[in-house]
Amino acid sequence: MCVLDLRCIGISRLASRKPAAPPVFLQCLHEHKTQKVTLLHPISEFEKAHSKAESMSNSILVTGGAGFIGSNFVLQWIENVATPLVNLDLLTYAGNPANLVTLEDDSRYRLVRGDICDAEFVAAVLRDNRPRAIVHFAAESHVDRSIADPSDFIRTNVLGTFTLLEQAKLYWSGMDEAARRTFRFLHVSTDEVYGSLGWDEAAFSESTAYAPNSPYAASKAASDHLVRAYFHTYGFPVLTTNCSNNYGPFQFPEKLVPLIILNALERKPLPLYGDGRNVRDWLFVEDHCLAIRTVLERGRVGETYNIGGNSERKNLEVVTTICNLVDEFCPDDGSGPRKDLIKFVADRPGHDRRYAIDAAKISQELGWRPAVEFESGLRKTVAWYLEHRSWVQNVRSGAYMDWIRQNYEERVQP
Ligand SMILES: NC(=O)c1ccc[n+]([C@@H]2O[C@H](COP(=O)([O-])OP(=O)(O)OC[C@H]3O[C@@H](n4cnc5c(N)ncnc54)[C@H](O)[C@@H]3O)[C@@H](O)[C@H]2O)c1
């Protein structure tokens, strides 16, 4: 039996929420109706000024808002900013509407299922919702999948971003002068576009040359270049953020942190690439979401901002820390420490050795800094996964994909 202290993981009860919807939804949807992750960041003055809207006017459009970072962003936005948000998401295997079930009855939130590669669809969403900004998360995001088959990465990350940019530019061109001046297109990208660092090399800055090494990184680099070109060629008001590895609630269990938490819990082998000494910089997802809001609010048009957690860790350290946390939360039945389950496996082809982010620009220009220290963020994350077993079960079984088929196949919006 797991010993879990909810006070230490920042989960609070939403006593004022209505009871769960009838079980048309998955079981896990009920779980999320009554719980939420406490948000760490206060509302800003700019956001207060925009928080009076009652309809979908003054909305922003988010793409990929049902994925890991996107759903954290949507929840944080509705909690803190209060202006409406339209979520355009294809709901691939990585997009899970259960993440956002607490917003089901919230008139400020709308989900439209569709593909960013579909120009007509994107144009219709823009026409119908008239957003004042776009925050673009939608992507294929798993490096290992990109190695097995890059085609979806080229399609969504490159062609999809191109289609979205093109339709957004057309939409923006038709706005009146005042609306055109304040419109923003924020492109969410990754530190992986910069390639790999040696042990003693300086961290990636915004002027580091691009040198992507995986098909995922290459497809994101291509999208970053398109975004840049739309600013320089057409004056289209873009912002780009390049962030390090995120961790936190709602991450699909194919990625390192949730994979290790769940395997450790179930005492399955814990696969670790190569010698486990590859270094990543880690950022708690809510910190990333606040950084994006900060750049959207105050970033200089045409600029890129690196976002990082000042938390470089070797993969082996990350995995060992998770094992220790699972041991602490779920005391042992005599089977020994979970770190004994670590199994070194053949390295990922082209595996980058080290990523590190120099986040001085966003800190000095915009005043953003990570608020969550790595060990405490990891503690919250482990606790969240242990507390949300039915969410995990539904994601793993693919049950939420059945729900998507039933609910969307015959009524694709808008
Ligand atoms: N996860 C990280 O550590 C990290 C770090 C830095 C940057 N990023 C970037 O942040 C963004 C979000 O990452 P994530 O980890 O949340 O990804 P994710 O894979 O969890 O979610 C991607 C979302 O995009 C949607 N999507 C995929 N293809 C689509 C399409 N053609 N049209 C519309 N929607 C589509 C999916 O349904 C899903 O909801 C990505 O652009 C990624 O490159 C991620």
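1. A residue is near a molecule or strand if its C-beta atom, placed from the backbone, lies within 6 Å of it. Around the ligand there are 29 residues, and Gly 64, Gly 67, Ala 94, Gly 95 and Ala 139 come nearest. Two or more residues of this shell come from each of α3 (68–80), α6 (151–173), β7 (184–190) and β9; helices (H or I, at least four residues) and strands (E, at least two) are DSSP runs, numbered from the N terminus. The most is given by α3, with three residues. By type, the shell holds 14 nonpolar, twelve polar and three charged residues. Here Ala, Val, Leu, Ile, Met, Phe, Trp, Tyr, Cys and Pro count as nonpolar, Asp, Glu, Lys and Arg as charged, and the others, Gly among them, as polar.

2. On the source: this is a predicted model, in which local features need pLDDT of at least 70, side-chain atom pairs count only at pLDDT 80 or more, and totals for chains, interfaces and linings use all residues. Residues are numbered from 1 along each chain as its sequence is written.

3. The protein has 15 helices and 14 strands. Of its 414 residues, 46% count as buried; a residue is buried if 20 or more other C-beta atoms lie within 10 Å of its own, exposed if 12 or fewer, and partly exposed in between, with C-beta atoms placed from the backbone. Among contacts with a separation of 6 or more, 83% join residues 24 or more positions apart. Two residues are in contact if their C-beta atoms, placed from the backbone, lie within 7 Å.

4. Axes are lines fitted to C-alpha atoms, for helices over the stretch in contact, and angles run from 0 to 180 degrees between N-to-C directions.

5. Within this sheet, β7 and strand β8 (residues 238–243) pair in the parallel sense over six bridges, and the bridge partner of Thr 190 in β8 is Cys 243.

6. Strand β4 (residues 85–89) pairs with β3 in the parallel sense over four bridges, and Thr 63 stands opposite Leu 88 in β4.

7. A further open sheet has three strands in the order β9-β11-β13, with mixed pairing. Its edge strands, β9 (245–247) and β13 (312–314), each pair on one side only. The twist averages 50° from one strand to the next. β9 and strand β11 (residues 279–284) pair in the parallel sense over three bridges, and Tyr 247 stands opposite Phe 284 in β11. Helix α11 (residues 315–329) lies across β11 and β13 and runs at about 80° to β13.

8. Helix α10 (residues 285–298) has 14 residues and, at 1.5 Å a residue, should span 20 Å; its end C-alpha atoms are 20 Å apart, which agrees. The expected span of a helix is 1.5 Å times one less than its number of residues. α10 is mostly covered, with twelve of its 14 residues buried. Among them are Glu 286, Asp 287, His 288 and Arg 293.

9. Phe 250, in the loop between β9 and α9 (256–265), has a positive phi of about 75° although it is not a glycine. Phe 250 is buried, with 25 other C-beta atoms within 10 Å. Asn 310 lies in the loop between β12 and β13, and its phi is near 50°, a positive value in a residue other than glycine. With 18 C-beta neighbours inside 10 Å, Asn 310 counts as partly exposed. Ser 107, in the loop between β4 and β5, is exposed, with 10 other C-beta atoms within 10 Å. The C-alpha atoms of Ser 107 and Pro 84 are separated by 7.8 Å, and the two residues are 23 residues apart along the chain.

Key:
Two strands pair if DSSP finds at least two bridges between them.
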